[in-house]
Amino acid sequence: MSELIFMVKESEEGGYEASALDHAIVTEADSWEELKSNVREAVLCHFDDDVIRIVRLHYVKDEVVSI
């Protein structure tokens, strides 16, 4: 496996939450730049070897539109 995908959404408290698909890796941050850094650190802590080459941040925004 060389790629890991995170689903990113806005946190109710503000900032962002990121959860890896297919792995138990979760992190959060106040800004997008901080989130990228936290995701990088979480992935490196979770995998001991250099197995992950690419991390994709899939931003999901749930919005309700009144009709």
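Two residues are said to be in contact when heavy atoms of the one lie within 4.5 Å of heavy atoms of the other. In this predicted model, and with neighbours within four places in sequence left aside, Phe-6 is in contact with Ala-18, Ser-19, Ala-20, Ile-25, Val-39, Val-43, Val-55, Arg-56, Leu-57 and His-58.

The chain that holds these residues contains 1 helix and 4 strands, which follow one another along the sequence in the pattern β-β-β-α-β. Of the 67 residues in the chain, 24% count as buried, and the chain as a whole exposes about 5,200 Å², of which carbon and sulfur atoms supply 48%. Where contacts in the chain between residues at least 6 apart in sequence are considered, 39% of them join residues that are at least 24 apart.

The largest nonpolar core comprises 13 residues, and among these Leu-4, Phe-6, Ile-25 and Val-43 touch the most other members. At least two residues of this core are supplied by each of strand E1 (3-10), strand E2 (16-20) and helix H1 (32-46), with the largest share, 4 residues, coming from H1.

Thr-27 is placed in strand E3, which spans residues 26-29. Because its relative accessible area is 14%, and thus under the 20% limit that applies to burial, Thr-27 is classed as buried. Apart from its neighbours within four places in sequence, Thr-27 is in contact with Tyr-16, Glu-17 and Ala-18, and likewise with Leu-35, Asn-38 and Val-39.

On the surface of the model, a nonpolar patch is formed by Ile-5, Met-7, Leu-21 and Val-60, whose accessible area together amounts to about 280 Å². Of these residues, Val-60 lies in the segment that comes after strand E4 (54-59). Val-60 has a relative accessibility of 31%, a value between the 20% and 50% limits, and it therefore counts as partly exposed.

How values were computed
Residues numbered from 1 in each chain as written. Predicted model: local features only at pLDDT ≥ 70, side-chain atom pairs only at ≥ 80, totals over all residues. Heavy atoms only, no water. Patch = residues over 30% accessible without salt bridge, like charges linked within 9 Å, V, L, I, M, F, W, Y side chains within 5 Å. Areas by Shrake-Rupley, 256 points an atom, 1.4 Å probe, with all protein chains shown as cover. Salt bridge = Lys/Arg side-chain N within 4 Å of Asp/Glu carboxyl O. Buried < 20%, exposed > 50% of the residue type's maximum accessible area, 1.4 Å probe, protein only. Core = buried A, V, L, I, M, F, W, Y, C linked by side-chain atoms within 4.5 Å.
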